[in-house]
Amino acid sequence: MKIMMTVMMTTTTTTTTTTTTTVAGSSAKTRDGDKTASTWSYFLFQCFVLTIIGPTVFPLGVSLVFFLYCVLPFKVFCLLLATYLGDCALSGAHISGSRTSSWLRHWKGWKAIPDWFDMETHFDTNHTERDDRNSQHKDFFSPDRTYIFAIHPHGLFAWGNVICYCNNLGLSNPLLQQFPFLDICMGVASVLLQVPIMRELCLGLGCREVSRKTMTRALREGHSIALNVCGEAGALVAKPGFDNAVLENRMGFVRLALSTGSPLVPVYVFGLVDSYQTSPTWLYPVQRFFHKNLRWALPVFYSEKFLWLPDQNKLDIVIGKPIEVPRPPTWGAKPDPETTRKMHAKYIEALKNLFDKHKGRFGFKDRNLKIVNAKKPY
């Protein structure tokens, strides 16, 4: 009898253990399945964000206009088009920044961009291996000054700009996390402020037309500004494996700094030029024609894995120390050519030193930074 009871208890225990193991295994599989579904859903969300804010947004805007032309009565389409063009010309939002949306700048969805690239932002210090996310670089920026952030290179698309206009990136963006008083206005090409979808995104993020008058106004209002100094030419000279900065004979940003007394801050995005594969050489004549005559950069690009989306190579953004400029005799005074030339040369030297100091740290020790002539970029 005792033997039978022992056998029954053992069988029951074994069955219970097997059931528990089965339930635990099912729970683990469920968790793995949920994690996989969550990973895929976030990946699709990243694709959506990169599509609406990346280089594909330009053809998307043009396609929207064509779609409305096809589906709407012609008179209705003409009325909408005239209203939109009138708003572009008369609203002045691209100059004043009056349509900046705090909600859009703080939208948590922008974190999809640094997550895609495993993006990190670093400050140029003597301790290059410090954890930049936890360091307090209190000597970099002052709340009573305005600064001009010059971001290099442009690449096919300037993904590094996200650190200047997205305020809710957490540890991915120590610039605005450690210096919340920096209210940075991004200067963008006027063509981007004329295309539906792209225009609305730019205005909502606080971007303004990159003209001397508009940028001077932003600095006078107390904003710091960020510029992709290489411009459209930088998009056309972008090639994987080659770091180029279109800076020779490009002195407008230096004149702006000298006329306002705002320090220049060099910023370099390592890995940006490797985000896309560029167009074949036989398309260069067409691209040059559009750039020279219409001031439009029409880069043809593709990705090795994601078609129109950038490759997931790591981006490391290094923010250099502010370069002080002489105070102007009167705010907004035009600097003399010799002072501009010397400050321009000083800036190029600082950018080269920044690149050479950090390139080995991020795996680019065999590369050199080439300074490209803005008048003959090709």
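**Ground rules**

I am working with a predicted model, where local features need pLDDT of at least 70, side-chain atom pairs count only at pLDDT 80 or more, and totals for chains, interfaces and linings use all residues. I number residues from 1 along each chain as its sequence is written, and side-chain values use heavy atoms, with hydrogens and water left out.

**Entry 1: the whole chain**

I began with the secondary structure. The chain has 14 helices and eleven strands. Helices (H or I, at least four residues) and strands (E, at least two) are DSSP runs, numbered from the N terminus.

Then I looked up burial. Of 378 residues, 47% count as buried. Buried means under 20% relative accessible area, exposed means over 50%, and partly exposed lies in between (1.4 Å probe, protein chains only).

I also checked contacts, meaning heavy atoms within 4.5 Å. Among those in the chain with a separation of 6 or more, 80% join residues 24 or more positions apart.

**Entry 2: helix H10**

I turned to H10, residues 212-220. Which of its residues are buried? I found Thr214, Met215, Thr216, Ala218 and Leu219. They pack against several elements, including helix H4 (93-96), strand E2 (148-152), strand E3 (184-188) and H12. Strands E4 (208-209) and E5 (224-227) are also packing partners of these buried residues.

Just after H10 comes Gly222, with a positive phi of about 100°.

**Entry 3: H10 on H12**

I followed H10 to its partner H12. The two pack at an angle of about 40°, and their axes are 11 Å apart. Axes are lines fitted to C-alpha atoms, for helices over the stretch in contact, and angles run from 0 to 180 degrees between N-to-C directions. The crossing of H10 and H12 is right-handed. A crossing is right-handed if the near helix is turned clockwise from the far one by less than a right angle, and left-handed if anticlockwise.

From H10, I listed Arg212, Met215, Thr216 and Leu219. They meet Arg255, Leu256, Ser259 and Thr260 of H12. By class, this contact has three nonpolar, three polar and two charged residues. Ala, Val, Leu, Ile, Met, Phe, Trp, Tyr, Cys and Pro count as nonpolar, Asp, Glu, Lys and Arg as charged, and the others, Gly among them, as polar.

**Entry 4: H12 on H14**

How do H12 and H14 cross? The axes of H12 (residues 252-260) and H14 (residues 337-358) come within 9 Å and cross at roughly 110°. The two helices are therefore roughly perpendicular. That term covers 65 to 115 degrees; angles under 35 count as roughly parallel, over 145 as roughly antiparallel and the rest as oblique. This crossing, too, is right-handed.

H12 brings Phe253, Val254, Arg255 and Leu258 to the contact. H14 brings Thr339, Thr340, Met343, His344 and Tyr347. I sorted the contact residues into five nonpolar, three polar and one charged.

**Entry 5: aromatic rings**

I looked up 22 aromatic pairs. Rings of Phe, Tyr and Trp (its six-membered ring) pair if their centres lie within 6.5 Å; planes under 30 degrees apart count as stacked, over 60 as edge-to-face and the rest as tilted.

Tyr42 and Phe45 are stacked, at 6.3 Å centre to centre with 25° between the planes. They sit three residues apart in helix H1 (residues 2-53), so about one helical turn separates them. Tyr42 is partly exposed at 33%, and Phe45 is partly exposed at 28%.

Phe140 and Phe141 are edge-to-face, at 5.8 Å with 70° between the planes. Phe140 is buried at 6%, and Phe141 is buried at 4%.

Most residues other than glycine have a negative phi, and most peptide bonds are trans. I noted some exceptions.

The peptide bond from His152 to Pro153 is cis, with omega near -20°. Pro153 is in the loop between E2 and helix H7 (162-165).

Ile197 has a positive phi of about 75°. It lies in the loop between E3 and helix H9 (198-204) and is partly exposed at 31%.

Where is Asn249? I found Asn249 in the loop between strand E6 (243-248) and H12. Its phi is positive, about 65°, and its relative accessibility of 38% counts as partly exposed.
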